[in-house]
Amino acid sequence: MTRIAPLGRVLAVAAAASLALTACGGGADTAGTKATDSAAPATSAAAGKGDGTLNLGTLLPQTGSLAYLGPPEFAGVDLAVKEINDAGGVLGKQVSVSHTDSGDTTTQIASQSVDSLLAKKVDAIIGAASSSVSLSVIDKITGAGVVHFSPANTSIELTTYKDNGLFWRTAPPDILQGRVLGDLAVADGDDTVAILALQDSYGTGLADSTEKAVIAGGGEVVEKIIYDPKAADFSADVAKVKAKNPKGIVLIGFAETNKVVQELVKQGLTADKHHWYMVDGNLSNTNFLKFPKGTLKGVKGTLPGAAAPDTFQKKLLEINPKLEDFSYAPESYDAANLIALAAEAAKSDAGTDIATKLGEVSKGGEKCNDFKTCVDLLKAGKDIDYDGISGPVEFNDAGDPATATIGIYQYGADNKYPAKAIDYRTGNIDG
């Protein structure tokens, strides 16, 4: 495991030889009021009242531009709930979970799903995968006194959003992923880089962070294009990139990356002539299978999260034997466990009570890494420090992971990337 170099420090080129890469965010930008501290719930929130039974809801993609991320995220939540209930549940009762579709920002599916979950009086909602989808419903969720916990949101905008201390996430903000991505390109010898990013809070934020890292490492961003993901054609955008002839091309997007890749190939900017880099939003083992073999060979991508153990992946496959991708399953699993442990620590299933204990159960106590061990310690009067599958998950004052790991993956000739990264880089969010 490699420690991430602070922004401004160039990675050694020798170390770069062992690297390779996969990321997640948005939809349309949603404006919001900011707050500098979101960790402690404000008493002004319209607090939901607990009824003694922890009721979870999920707001994860079954349809839309991130639908490929849905299956592993649902499986991660379901596995955690199964293990929690096998261990006796929370507050002496079995935990319930209601699954809904988040869709994407081209529809009103997320808002309708949140309405249905709030009508069921859920205490916490796990989701969305898209940062911009979360931004479109965060006020509705937190205004109801319900915990809003995303396993995959990486937009920097969410760090300072005024959420009454009720928004939390197990995925790190893109300050970290951008550092890794920019450092990686420079370390690969790409001193000229072009960035193609979709226009939303995720795409623009990650593009900015990546650009800063490239420049700090001594490289140059020769073209930075923020495009409309709903555009029918990307030929003009790719032509601008071609005119600058960059050594590296960073692709920050979702399902529309499929069209961007087709245009890159059409205009001769193939992956065997230029280094392509992808991110969690488009690092997929299903989206590019129809391309000719070798189209993505050697392409690298970044994906937040530590290596998922083989035993964990086997458990996920027992939940869903059809899983082809494990992206954000660990973060979803950890989100459900942390919510359940916080409810036990608070002795309440009310969302506002759970939020007061999420930071406490993630750091400073006796280490434990599964629900049963952790809950037994809590019942014995011990303070706990839950270390999850996705990493140590130690929250900072904003409800973000204080430290995180970014995996670096590389595609093979079959246009798929392996389940384990060729390198993992761990660093502090604050640099």
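How many helices and how many strands does the chain have? It has 12 helices and 15 strands, where helices (H or I, at least four residues) and strands (E, at least two) are DSSP runs numbered from the N terminus. Before I go on, please keep in mind that this is a predicted model, in which local features need pLDDT of at least 70 and side-chain atom pairs count only at pLDDT 80 or more, while totals for chains, interfaces and linings use all residues. Residues are numbered from 1 along each chain as its sequence is written, and side-chain values use heavy atoms, with hydrogens and water left out.

Of the 431 residues in the chain, 60% are buried; buried means under 20% relative accessible area, exposed means over 50%, and partly exposed lies in between, with a 1.4 Å probe and protein chains only.

Let me turn to helix α4, which runs over residues 131–143 and reaches 18 Å from its first C-alpha to its last, close to the 18 Å expected at 1.5 Å a residue; that expected span is 1.5 Å times one less than the number of residues. Even so, α4 has a kink of about 50° centred on V137, the bend being the angle between axes fitted to the seven residues ending there and the seven starting there. V137 is also among the buried residues of α4, which include L135, I138 and I141, and the elements covering them include α3 (109–119) and α6 (201–216), with contact meaning heavy atoms within 4.5 Å. Just after the helix, G145 takes a positive phi of about 75°.

Now to the charged side chains. Side chains of opposite charge can pair when their charged atoms come close. A search of the whole structure finds 17 salt bridges, each being a side-chain nitrogen of Lys or Arg within 4 Å of a carboxyl oxygen of Asp or Glu. One of them joins K140 and D115 at 3.0 Å, N to O, and this pair links helix α4 with helix α3 across 25 residues. K140 is partly exposed, with a relative accessible area of 31%, and D115 is partly exposed as well, at 40%.

Another salt bridge joins K300 and D188 at 2.9 Å, linking strand β11 to the loop between α5 and β7, 112 residues apart; here K300 counts as buried, at 9% relative accessibility. Finally, D387 and K367 meet at 3.2 Å, and in that pair D387 is buried at 19%, whereas K367 is exposed at 53%.
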